[in-house]
Amino acid sequence: MGTLVADSLAMRAAPRIHPVPAATRCLHTTPACLKTRAARVRVGKGDKPVTYEKAHAPHYIAHRKGWLSLHTGNLAGEPGAAERAVEDAFLRRFLYGTFPGILAEEAVLKRRANLLVVCAVLARGLAPAKLYFLVGYAETLLAHFYKCPVRLELQTVPAKVVYKCL
C-alpha cells in the first residue's frame, strides 16, 4: 500500500513528459579544402628568417632535405617504432632545455647498433667552459636514461644560420 501512495505522488509531482519527435538524419556538407598547412612556414613580407629545414615543406623529405631521425625502426617487421618516436621527442625537449636559446638548427638523431649519436648546430652564445660542462652533463644523463652510450657531435656557428627570408 505504501508503494502505491508513493507512486501516485510521484506521478502528480512529475511534469508532463512530452514524446520525443521522430529523430531525423541530416547531411551537412562543406566545400573541400585541399590545402595542407601542417609544418609549413607562412609566407609573410619577407622579414621572417627561416632555416633550410623550415623553408622546405614536409613532402620534400628525402628529396631536398634529410630525415632528422636515422634508425632502422621503420623497416618492415621491426618492432618499437612508436617507442623511438617518443624517445626522439624527449631527446629534442631535453636538448632545448639543456642548451637554452642556442640551438641554431634541429638536432639530427642517429642510432647505430647500441650507440646514440646526437648531431646539433649551436650558436656561440655560451663560454666554452660552460658549453663543455653542458655537453658532459647531457651525455652522462642521457647515457643513464637510455642505458647505452650517447655521443654529442656539436658544431658552433657565430649566429643562427638563415637560409632565406619569407
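Let's start at Leu116. Not counting residues up to four places away in sequence, Leu116 touches Leu91, Lys110, Arg111, Tyr146, Cys148, Pro149, Val150 and Arg151. Contact here means heavy atoms within 4.5 Å.

A word on the source. This is a predicted model: local features need pLDDT of at least 70, side-chain atom pairs count only at pLDDT 80 or more, and totals for chains, interfaces and linings use all residues. Residues are numbered from 1 along each chain as its sequence is written, and side-chain values use heavy atoms, with hydrogens and water left out.

Next, the core. The largest nonpolar core has 20 residues. Such a core is a set of buried Ala, Val, Leu, Ile, Met, Phe, Trp, Tyr and Cys residues joined through side-chain atoms within 4.5 Å. Leu116 is among those with the most contacts inside it, as are Leu95 and Phe99. At least two core residues come from each of H3, strand E4 (115–123), helix H4 (128–146) and strand E5 (150–157). H4 gives the most, five residues. Helices (H or I, at least four residues) and strands (E, at least two) are DSSP runs, numbered from the N terminus.

Now H3. Which of its residues are buried? Asp88, Leu91, Arg92, Phe94, Leu95 and Thr98. Buried is under 20% relative accessible area, exposed over 50%, partly exposed in between (1.4 Å probe, protein chains only).

Last, Asp88. Its relative accessible area is 9%, so Asp88 counts as buried.
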